[in-house]
Amino acid sequence: MQNLPWENELARLAADLVRMDSRSHLSNIAVADRIEAELDGFEIERLDYVDGAGVAKRALVAHRGGPGGLALSGHMDTVPATGWTDDPWSGAIRDGVLHGLGAVDMKGAVAACIMAAKQAPRATLLITTDEETTKQGARIIAGQSKLAQKAGLAGIVVAEPTSLIPVRGHRAHIAFTATAEGVQAHSSTGKGLNANWALIPFLVEVKAMFERLRNDPSLQDTAYDPVFSDFNLVVDNHGTAVNVTVAKATARIKFRYSHKIDPSPVLSVMREAARANGLTLEEAHEGHPPELPADHPLIRRACAITGEAARTAPYGTDASELQAIAPCVVLGPGPIETAHTPHESVALDQLNRAVPIFQSLLAG
Ligand SMILES: [Zn+2]
């Protein structure tokens, strides 16, 4: 098949973005500048902020044309380079496949959004960062972007990898951190206090909650696979040796729930179990889980354009935050299978197929 005029440009831009290291703990401003350079003729809004670690970050909103259309959205940051043996930032293209950290999640998709927007008379782009960590970029766009407000958006396409199948809803999470304090001493002296003795009865109640989530249909949602909520536990004694009483014991739990599930029974169990055992409990809440009915106009349009039936997904995206601006559908190129792995890649064919789909969505 003859290459379309923009296909080489798309591959080049996607590879350029992969070659820039923008793991979430680093500044993404160089990537934002590279994207902005593509957007001649667009009104640009830069939303600069400093993240919790003091690192300079930038979210970008770009718009042209009248109000009332759709926005395309993606994130500039990536997960850490855990396990990579090849160069994570090679941006190498072999046999029509782009390799590297962020290739499918989601710099390839961001490049496809830009290519579609550049060819559309009316388009908005919401380009975030810190999606892989705190969703702060999306939260700042939702809370502060004057340009996104002015665009009067009818909907948002969050272009995370779905193999170009519309996702109408996904789970959001609450991250709990429970901390028990002890007194550090040589364990032989009897002078210390081991923090684990306060953590253990708390964990017994956490385990009972985990089992309720697995077994109680009233806490489950049959529109999702799996039907039960994730409630993953990580316990940490911060490297204490076995002849030292544990000064600090931490339990972290990630609870993911869908739109239908009321998180308050879980919240009250966790708060009460922490209080009863003298633990401090921190909670980091994402936005509410987004979900649109299968017959919502945005979902019907995405299904008509792609020829696919809408699904739900167990993972989270910026839609948790961006739904405050307009209804969201998650729809983007590439399967999620290689995302967050040390052999991440995306087929250029998926990126090429995304562009006309995004253009049809923008044209509505
Ligand atoms: Zn992503």
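**Salt bridges, a zinc site and a surface patch**

The structure holds 20 salt bridges, and the model they come from is a predicted one.

Start with glutamate 38 and lysine 118, whose side chains meet in a salt bridge with an N to O distance of 2.8 Å. This pair links distant parts of the chain, 80 residues apart: glutamate 38 sits in the loop between helix 2 (29-36) and strand 1 (43-50), while lysine 118 belongs to helix 3 (residues 103-118). Glutamate 38 has a relative accessible area of 14%, so it counts as buried. Lysine 118, with a relative accessible area of 28%, is partly exposed.

A second bridge brings together the side chains of glutamate 291 and arginine 168, at 3.7 Å from N to O. Glutamate 291 is partly exposed because its relative accessibility is 24%, whereas arginine 168, at 16%, counts as buried.

Then there is arginine 271, which forms a salt bridge with glutamate 283; their closest N and O atoms are 2.7 Å apart. Arginine 271 lies in helix 7 (residues 264-276) and glutamate 283 in strand 12, so this bridge ties together parts that are 12 residues apart in sequence. Both ends are partly exposed: arginine 271 has a relative accessible area of 43%, and glutamate 283 comes in at 27% relative accessibility.

Turning to the metal, the zinc ion is coordinated by His75 through NE2, by Asp105 through OD and by Glu160 through two OE entries, at 1.8 to 2.5 Å. Along the chain, the donors follow the spacing H-x29-D-x54-E. Histidine 75 and glutamate 160 link distant parts of the chain, 85 residues apart, with the histidine in strand 3 (residues 70-75) and the glutamate in the loop between strand 7 (155-158) and strand 8 (167-170). Both histidine 75 and glutamate 160 are buried. As for geometry, the 4 donor atoms subtend angles of 55 to 145 degrees around the zinc ion, so the arrangement is irregular. For reference, ideal angles at a metal are 109.5 degrees for four tetrahedral donors. The tetrahedral label would need all angles to lie between 85 and 135 degrees.

An unreviewed UniProt entry annotates residues 169-276 as "domain: Peptidase M20 dimerisation". In the model, the end C-alpha atoms of residues 169-276 lie 36 Å apart, and the span is 31% helix and 26% strand.

Finally, Trp197, Ile200 and Val204 make a nonpolar surface patch of about 350 Å². Isoleucine 200 has its place in helix 6 (residues 196-215), and it counts as partly exposed because its relative accessibility is 41%.

Technical notes
Residues numbered from 1 in each chain as written. Predicted model: local features only at pLDDT ≥ 70, side-chain atom pairs only at ≥ 80, totals over all residues. Heavy atoms only, no water. UniProt positions renumbered as here; feature names shortened; annotations may be inferred. Helix = DSSP H or I, 4+ residues; strand = E, 2+ residues; numbered from the N terminus. Donors = N, O, S within 2.8 Å, 3.2 Å for Na, K, Ca; no water. Tetrahedral: all angles 85-135°; square planar, octahedral: opposite > 155°, others 65-115°. Buried < 20%, exposed > 50% of the residue type's maximum accessible area, 1.4 Å probe, protein only. Patch = residues over 30% accessible without salt bridge, like charges linked within 9 Å, V, L, I, M, F, W, Y side chains within 5 Å. Areas by Shrake-Rupley, 256 points an atom, 1.4 Å probe, with all protein chains shown as cover. Salt bridge = Lys/Arg side-chain N within 4 Å of Asp/Glu carboxyl O.
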